[in-house]
Amino acid sequence: MSVLRKDQLTVDVVLPCLNEAVALPWVLERIPPDWRPIVVDNGSSDGSAEIAAALGATVVYEPRGGFGFACHAGLLAADADIVCFCDCDASLDPSLLPALVGEVADDRFDLALGRRRPQTRGAWPVHARAANLALSRMVHRRTGLRLHDLGPMRAARREPLLALALTDRRSGYPLQMVVRAADAGWRVCELDVPYRRRTGRSKVTGTWRGTWQAVQDMHAVLAQPPVAAPGAGAR
């Protein structure tokens, strides 16, 4: 674990991005000062990368399509003590990330997750919520963790994250992070975060193909045997 004081810890925020030109200005302006936003462009055709660069973000290009490819490219590009992940569609407010980072920086937990709380009708479709609940129950059976959500907002220390050796490069990436963290003995917590209606159309739950692929990816992750990771979390 880093010997730096809490106020000396650096933070990078990984923002996987596919055609989020409309949402980007709102998202980037809400990244806390002195934190580095890393926008991972996953094949946008609407000028998202150029907008992000103009607004001061570090832009990483990942041409291979897949949420996991984008997230992992951002993790590999990060060099901060703590790495956060957040969707880039304005459904989640990055200004809330310091609460998650505080849990990790204070060494209370190794992985902090944002538990989504819908704020408006249609922010989180009923079928998506039902699927998330079922998945949370399967995760409990697999890992013993009692979680309510496996959402995309999260924070952890960078080096232990890399040591998890995540392999999923599609929709199962966030789930595999939680499962392997549990296998490694990490302390995991949830904090409530408001969930807004996203800008634009979802690439996963907004299409039948995306939803089906996500289900397949997550079943594959849960079927994997435990993988021993070096050490026990960030301790």
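**Close-up 1. D93 and its contacts.** Leaving aside neighbours within four places in sequence, D93 is in contact with W26, R30 and M153, contact meaning heavy atoms within 4.5 Å. This is a predicted model, in which local features need pLDDT of at least 70 and side-chain atom pairs count only at pLDDT 80 or more, while totals for chains, interfaces and linings use all residues. Residues are numbered from 1 along each chain as its sequence is written, and side-chain values use heavy atoms, with hydrogens and water left out. You will find D93 in the loop between β4 and α4 (97-105); helices (H or I, at least four residues) and strands (E, at least two) are DSSP runs, numbered from the N terminus. With a relative accessible area of 13%, D93 is buried (under 20% relative accessible area, with a 1.4 Å probe and protein chains only). Its side chain makes a polar contact with the side chain of R30 at 2.7 Å. A polar contact is a pair of N or O atoms within 3.5 Å; within protein, one must be able to donate a hydrogen and the other to accept it, and residues adjacent in sequence count only if both atoms are side-chain atoms.

**Close-up 2. D89 in the loop between β4 and α4.** D89 counts as buried, at 4% relative accessibility. Here the side-chain partner is S91, in a polar contact of 2.6 Å.

**Close-up 3. Strand β6 and its partners.** In β6 (residues 154-157), R154 and A156 point one way and A155 and R157 the other, and all are buried. Strand β4 (residues 82-85) runs antiparallel to β6, joined by 4 bridges; strands pair if DSSP finds at least two bridges between them. Look for V83 opposite A156. Strand β5 (residues 111-118) is also antiparallel to β6, with 3 bridges, and A112 has A155 as its bridge partner.

**Close-up 4. The largest cavity.** About 40 Å³ of space lies here, lined by F67, C71, F85, P152, R154, Y173, P174 and M177. A cavity is a set of points on a 1 Å grid over the protein atoms alone where a 1.4 Å probe fits but cannot get out, and lining residues have an atom within 4 Å of a point. Grid points are joined across faces, edges and corners, and the volume is the space filled by probe spheres set on the points. Helix α7 (173-183) and α3 (67-77) each supply at least two lining residues.

Note on methods. Buried < 20%, exposed > 50% of the residue type's maximum accessible area, 1.4 Å probe, protein only. 1 Å grid on protein atoms, 1.4 Å probe; cavity = no way out; pocket = protein on both sides within 12 Å on 5 of 7 lines; lining within 4 Å.
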